[in-house]
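Here is a short briefing on one helix and several charged pairs, for use beside the sequence and the structure.

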Amino acid sequence: MGQGGKPRRVHAHDGELGAAVARAQEGDEAAFAVAYRLVQPGLLGYLRGLVGEDAEDVASDAWLEIARDLGRFKGDGAGFRGWSATIARHRALDHLRRQKVRPRAASLEQDVLLDLPGPHSTYDQALESISTEVALDLVRGLPRDQAEAVLLRVVVGLDARSAARVLGKRPGAVRTAAYRGLKRLAKQLGVEGVTDDGPRTLGESK
């Protein structure tokens, strides 16, 4: 359960990840390798959306910090994903500052109102498309708030509340940014009518 008693999005491997992290905190190097294997793909995809071809280097810096501070972490597998993403984001922003290339300012003011939903939900198509390298490049072209929301929710696998903690925003703002980002991506990828089909949030199963 998430904060406030609300059910939290469960990643397929969060149970395994939580167990691996607990063992790693006790000094089990093999368990740390398992945690790395489960988290690194999503983390790397997130970083590619932020720093492009420098993602591998930034990820290495992030994992050094994760390993160093692992004993301070408290939480489960889902919590570890969020904690790792927070560290990776800080390292990415440090990298961008060093390169004197700051992320684009968010442009929510350009999208004050959501478009009316289309007749069909195409989340599955849009989310599947995001797994490709071409789509990651497209994500980088989104306004920063939308890009990060999509990457954290779809690529890293965080729920809206966890992604909001990483970004320092409200969950509702993250859901809205992710919706707008997916809608833009779907349009660019030729997928029509992305809608919010029912009460579930982006990336969550029915």
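Which residue follows H7, and is its phi positive or negative? Gly157 comes after H7, and its phi is positive, near 95°. The model is predicted: local features need pLDDT of at least 70, side-chain atom pairs count only at pLDDT 80 or more, and totals for chains, interfaces and linings use all residues. Residues are numbered from 1 along each chain as its sequence is written, and side-chain values use heavy atoms, with hydrogens and water left out.

**Helix H7**
- Helices are DSSP runs (H or I, at least four residues) numbered from the N terminus.
- The buried residues include Asp145, Glu148 and Arg153.
- Among the elements covering them are helix H2 (29-51), helix H4 (77-98) and helix H9 (171-188).

**Salt bridges**
- The whole structure has 10 salt bridges (a side-chain nitrogen of Lys or Arg within 4 Å of a carboxyl oxygen of Asp or Glu).
- Arg81 pairs with Asp14, with the closest N and O atoms 2.8 Å apart.
- Arg81 is in helix H4 and Asp14 in helix H1 (residues 14-25), so this pair ties together parts 67 residues apart in sequence.
- Both Arg81 and Asp14 are buried.
- Asp94 and Arg97 form a salt bridge at 2.4 Å, N to O.
- Asp94 and Arg97 are three residues apart in helix H4, about one helical turn.
- Asp94 is partly exposed at 22% relative accessibility, and Arg97 is partly exposed at 44%.

Methods: Buried < 20%, exposed > 50% of the residue type's maximum accessible area, 1.4 Å probe, protein only. Helix = DSSP H or I, 4+ residues; strand = E, 2+ residues; numbered from the N terminus. Contact = heavy atoms within 4.5 Å.
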